[in-house]
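My entries follow in the order of looking.

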Amino acid sequence: MSTQTVYEYMMENKLIDHLLDACENDEQRIATRAYAKDMAAQLDPFISQVRERCKTDEDREVLLKEVLDLHQGKKNAD
């Protein structure tokens, strides 16, 4: 199981490259990276919980069913 952070994943898969390319100077690129790192850090606890909860295929199926059930319930409420 991976312990890679969300930010590491984003950087490895070049998910913010277009944002960085749109920056006009190094100062903006540094600020964009810092913002992305901060936002990704906020997701890390959630991702860690999902990883902990989904150690087997059966665990993944249960979580997926719960998510779909919640989504369906929200649809019905609207």
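Charges. I counted 11 positive and 17 negative side chains in the protein, with Lys and Arg taken as positive, Asp and Glu as negative, and His and the chain ends not counted. The centres of the two sets lie 2 Å apart, each charge being placed at NZ of Lys, CZ of Arg, CG of Asp or CD of Glu.

Source and confidence. I note that this is a predicted model, in which local features need pLDDT of at least 70, side-chain atom pairs count only at pLDDT 80 or more, and totals for chains, interfaces and linings use all residues. Residues are numbered from 1 along each chain as its sequence is written, and side-chain values use heavy atoms, with hydrogens and water left out. The average pLDDT (the predictor's confidence in each residue, from 0 to 100) is 89 for the protein, and 91% of the residues score at least 70.

Elements. I found four helices and zero strands, both being DSSP runs numbered from the N terminus (helices H or I, at least four residues; strands E, at least two). The order from the N terminus is α-α-α-α. Mean pLDDT is lowest in helix 4 (residues 57-77), at 84, and highest in helix 2 (residues 17-22), at 94.

Overall shape. The C-alpha trace spans about 45 × 35 × 20 Å along its principal axes.

Surface and contacts. Of the 78 residues, 15% count as buried (under 20% relative accessible area; exposed is over 50%, partly exposed in between; 1.4 Å probe, protein chains only). The protein exposes about 6,600 Å², and carbon and sulfur atoms supply 55% of that area; accessible areas come from the Shrake-Rupley method with a 1.4 Å probe, and for residues only the protein chains shown count as cover. Of the contacts (heavy atoms within 4.5 Å) between residues at least 6 apart in sequence, 48% join residues at least 24 apart.

K14. I looked up K14 in the loop between helix 1 (6-12) and helix 2. K14 is not a glycine, yet its phi is positive, about 55°. K14 counts as exposed because its relative accessibility is 56%.

R33. I located R33 in helix 3 (residues 26-53). Its relative accessibility is 34%, so R33 counts as partly exposed. Beyond its neighbours within four places in sequence, R33 is in contact with Y7, M11 and L20. From R33 to L64, 31 residues apart in sequence, I read 32 Å, C-alpha to C-alpha.

D57. I placed D57 in helix 4. D57 has 59% relative accessibility and therefore counts as exposed. Its C-alpha atom is separated by 22 Å from that of T5, 52 residues apart along the chain.
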